[in-house]
Amino acid sequence: MKRAVIVAALAALAAGGVAYADQPSPATPSPPSPLSPTPAPTPMPAPTSPEPAIPSEPATPAPTPPPATDPADSADAHIARARDLHDKGDFEGARAEILAAYKLDPRPELLFALGQLEFNLRHYREAIDYYERFTATQPSAEQAALAEQAIGAARAELTRPPPAPPATPPLLHTQWDGVDSGLAIVGGLAIVAGGGLAYEAVHLSNDSSGTLSDYDHRLDTARHVRIAAAISGGAGIVAIGAALLRWRLHVVADVEVVASPSGAAVSWGGAF
Amino acid sequence: MTLRTLAIAGVLLAACIHDNYECATDADCNIGTAGRCEVDHHCTQYDASCELTLRRYTEHSGTESDVCYAGQIELADPCAAGQPPASPSDPCGALVCGALPTCCNAGWSEPCVLEAQRSCHVTCDTRVAISATKGSNLELWDVRYEGSAFTATSVTDRTQQLDWIAPEPGSAEPRLAGFVGSDTLAIVSSSGELDVPVDPTRTFHDVSSVDLDRDMRDTIALEWQDAAGDEEIQIEHLDDLTSRDFDTMVSNRAAWGDYDQDGYPDGVSGTGARYSFMVNVDSTDGTHQRSLDASIASSFNGSAHGGVTSLRGFEWRDADHDGVLDLAAFGNSIRLHEGGSLLDDTPYLSIDCEPPVVLPNAACDESLANFVGTVVPTSTGSIIYAGNTQAHTFYSIVPNAQAGTAEITPLVIPADAGSAVVAQAVFARDVDGDHVLDIVVIDSELGFWVSLSSVDPTRTKFTAVHPIPSAGQIFAQVHASVTGALE
């Protein structure tokens, strides 16, 4: 959109340049090109906000345009090249050509074009300066309104908060928590208890004192103790395994708060 | 330690219950019927479903739990009779038991030793305990053949008959048993002397080893008679010196074999003209203790007219080569009882008289016939070598299977044995180590007539040797107890 406006302005300049040359009246700049679908510039948020470049040209244009002796060095030629460069997206080059054209022929419309180019280069202050200088040339009411609209857009860009820095991917890591510790401790105790029971079972089975009937009863007890030992040990192993599994699956992200002069954001946080 | 290690350790620890009870006495084995603590310290109980031994290991017997008790041993000395049956896992045991199943089923008796010498190619020394009597005169000799000749040692510190008994369990050394006075049985082995107190009111005759209860304990049988005329057999456990008596009504020359192939050794013993089978039976009182049933009796007079009524001995042999032990009785006559289901009080072959003939024979004179002898198994049957204690004669007798006939051939007694001597004991052993049985006769002057197969393969020619210095007297009774040890 914005680019279309600039192109339209440049096209108008090119067309009006001839007429202007026929009717040099800086106080009556040509209106923007009717080719522009939207006469008002529509500023778009810029990804970055570098420090605006200082216009290489003085704020006040030269009062007397030099005579156009060389066609290649005429204002119209610069304006034509500016259009080409603009079409290629080379706003810097286009600005240099318009400045050169302005030096040769300080038409007020070029101030508006420079404002648009600076806007495009995100040099909003410079763009406002050019727009105001254009307004100061007493353009038509329509052009003045257009310039005021452009000034408003540039100012809006100046007040727009800088974009938040790109979100840093959350740092994921596993976390051993109290539940895991509890499970591991319980599991360890269960295994120790199972070992003790198993030892007792073996001890009972190794005791051949008394009669065969005594031993039979003792071995029966030993078998029950062995089952208890197996259950206890198994439960302990399961508990420790659960703790380890839980630890492996217990992924959490760092909660990162990003603060900036214009606001703050919580990047991400959570666990599962 | 990783989880896996923990788990494995836990499982192993939990599984490591030793189901193994070790008993010390029979009273410890109080589960089941007739519990018994075996020598391996595991309990067995009566179980009729266990063929032969009728005993089964109880639970908690380790790897043997609920397995039928076998009661077999790896023989340390296959040259000695009176031991528990051999394990078929023993190569020699397997060979012998292939010919004589009783050697693995009931007991390692003398025919098992002879079969081992023949088929296992084991080489044994030969030890003969000689007890010679005439009236009140007693001479005791320990005679051995250890490679080349017989040597004799007089035994003077014993007062009654000498007998060789089986090695102590686990040992390979036969033991010499003899009475000292009337109250002690002294048992001598290379490890020392065991004095067993005995009842002085009893007159003891023969001592033999027998695993009567199939418990593989050190067990001997002592035959005795008392002033009241009781004749019994005392079964003595030498490990704890406990004993029990069985009234057999006979008490001489006990020989252990297999009457009924039931897995327990049976015996035979006699007195005078009478002899009885001592059938090893399960007691009927519910305790399932073993007992001796001596109700089946026979008599040398059954088919003869008496004669010299002096019992000389018994031999269990597979005389007809059918794999079952038969019984040969020597005394007033020579009687062969066929083993197996036909073994009863009636012999299938009786030989009597001088010269001997097969009975019945009304023409022969039995009055001067009294025989000693031995039965030598052959590849097809057997040969009986017998001498008449009443005459200077010696014979080979070849039974014709169970036909009740026999071929009787007189053998030449060595000239230098003396013209007046008579055979008083005969035994068969592989004396010379060529794995063919040899024949040894001990005469009434304690001279030896020897037929070594290495010298005379026909075993019809005898040579007289005199390892025992001649006492210049004729002995009326010579008892020879024979054993051996591996060379």
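Select residues 438-443 of chain B, strand S29, together with S30(B): four bridges join the two, which run antiparallel. Strands here are DSSP runs (E, at least two residues), and helices are DSSP runs of H or I with at least four residues, both numbered from the N terminus. Two strands count as paired if DSSP finds at least two bridges between them. The model is predicted: local features need pLDDT of at least 70, side-chain atom pairs count only at pLDDT 80 or more, and totals for chains, interfaces and linings use all residues. Residues are numbered from 1 along each chain as its sequence is written, and chains are lettered from A and ligands numbered from 1 in the order in which they are written.

Now show B:Val441, whose bridge partner in S30(B) is B:Trp449. Follow the chain from S29(B) to S30(B): the two form a hairpin with four residues between them. In that turn, B:Leu446 has a positive phi of about 65 degrees.

Next select S30(B), residues 448-451. Are its faces covered or open? Both are covered. B:Phe448 and B:Val450 lie on one side, B:Trp449 and B:Ser451 on the other, and all are buried (20 or more other C-beta atoms within 10 Å of the residue's own; exposed means 12 or fewer, partly exposed in between; C-beta atoms are placed from the backbone).

B:Trp449 stands opposite B:Ala464, and B:Val450 has B:Thr463 as its bridge partner.

Move to the contact between the chains, which takes 21 residues from chain B and 24 residues from chain A. Contact means C-beta atoms, placed from the backbone, within 7 Å. On the chain B side, select helix H1 (residues 3-15), which supplies the largest share, six residues.

Finish with chain A, which has eight helices and five strands. Buried residues make up 36% of its 272 residues. Of the contacts in chain A with a separation of 6 or more, 70% are between residues 24 or more positions apart.

Methods
Two residues are in contact if their C-beta atoms, placed from the backbone, lie within 7 Å.
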